[in-house]
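This briefing concerns selected features of one protein chain. The sequence and structure are shown first, and the commentary follows by topic.

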Amino acid sequence: MNERDGLSLRQRLHGGEKLGVFWSVLGSPALVEIATEARPDAVVLDAQHGLWDRRTLEEVLGAVGTGTPVLVRTADGTAPAIGTALDAGAEGVIVPLVETGAQATEAVAAGRFPPEGRRSGGGVRPLKGDFAAYCSRAARHTVVGVMIETVRGVENAAEIAATPGLDFVLIGTGDLALSLGIAGPSDPRHEEACRAVFDACRAAALPCAIFTPNATEAARRAAQGYVLTVAANDIGVLAAGVTAALAEFRK
């Protein structure tokens, strides 16, 4: 498990530290390896909407090594999707589209070994060394987060946040806007929904995170009390870099 300044990502989350992550959808291990040189607090590999599969997950987690914690946004909340990400060597998972406390409970169970959960033992990285030691570290450090990104999820935010063993809730701002039937985050109803989730997490003493499109918005949300925000994403960084370079050339 990765540590920075002697603390695991799980400890830093629950300690209230403000964490800025790099979000990757392009499925490029080389790009992620380059990004980790900037020392993000964590990397999120998007296996729901991104191009990551089992083989590329294994490849990038081997390349990143122990220097930077890596979370995987799983394709869904099933035990195989969660177990695959953790078996590949991820520090933890972010489970999308969670709408009820029961779904959050299932996600936690899939991410924890017995007796706390029902994660199956296996995978190349967990079994290549001392498996008992791996299980002990996983019990202390594996991160399980869930996403609230629908109206139903907002309505059930209190019961989701109260789920035993859950490490954080991440607000999915894009899908939340779609579920609300509004144009985007600029609509006041969007902010009201985000605040409802944030307040539910605060009442449950659970860290609340939020997806942000850029560093400016990430810093603004961190100042509001969100524990984890997205400081950069690979599509945005690449697009902005190429656009700026070509604009400079054409001058």
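How many aromatic pairs does the count come to by the ring-centre rule? The count comes to five aromatic pairs, where rings of Phe, Tyr and Trp (its six-membered ring) pair if their centres lie within 6.5 Å. This is a predicted model, in which local features need pLDDT of at least 70 and side-chain atom pairs count only at pLDDT 80 or more, while totals for chains, interfaces and linings use all residues. Residues are numbered from 1 along each chain as its sequence is written, and side-chain values use heavy atoms, with hydrogens and water left out.

- Trp-23 lies in strand S3 (residues 19–24) and Phe-211 in the loop between strand S9 (208–210) and H12, so the pair ties together parts that are 188 residues apart in sequence.
- Helices (H or I, at least four residues) and strands (E, at least two) are DSSP runs, numbered from the N terminus.
- Trp-23 is buried, at 3% relative accessible area, whereas Phe-211 is partly exposed at 24%.
- Buried means under 20% relative accessible area, exposed over 50%, and partly exposed in between (1.4 Å probe, protein chains only).
- One aromatic cluster is formed by Phe-113, Phe-131 and Tyr-134.

**The second largest pocket**

- About 240 Å³ of space lies in the second largest pocket.
- Of the 15 residues that line this pocket, the closest to its centre are Trp-23, Asp-46, His-49, Arg-73 and Phe-211.
- A pocket is an open set of points on a 1 Å grid over the protein atoms alone where a 1.4 Å probe fits, with protein on both sides within 12 Å along at least five of seven lines; lining residues have an atom within 4 Å of a point.
- Helix H10 (173–180) and helix H13 (234–250) each supply at least two lining residues, and H10 gives the most, with three.

**Helices H5 and H12**

- In helix H5 (residues 101–111), the buried residues are Gly-101, Ala-104, Ala-107, Val-108, Ala-109, Ala-110 and Gly-111.
- Ala-215 belongs to helix H12 (residues 215–224) and is partly exposed, with a relative accessible area of 45%.
- The C-alpha atoms of Ala-215 and Gly-27 are separated by 21 Å, the two residues being 188 apart along the chain.

Note on methods
Rings of Phe, Tyr and Trp (its six-membered ring) pair if their centres lie within 6.5 Å; planes under 30 degrees apart count as stacked, over 60 as edge-to-face and the rest as tilted. Grid points are joined across faces, edges and corners, and a volume is the space filled by probe spheres set on the points.
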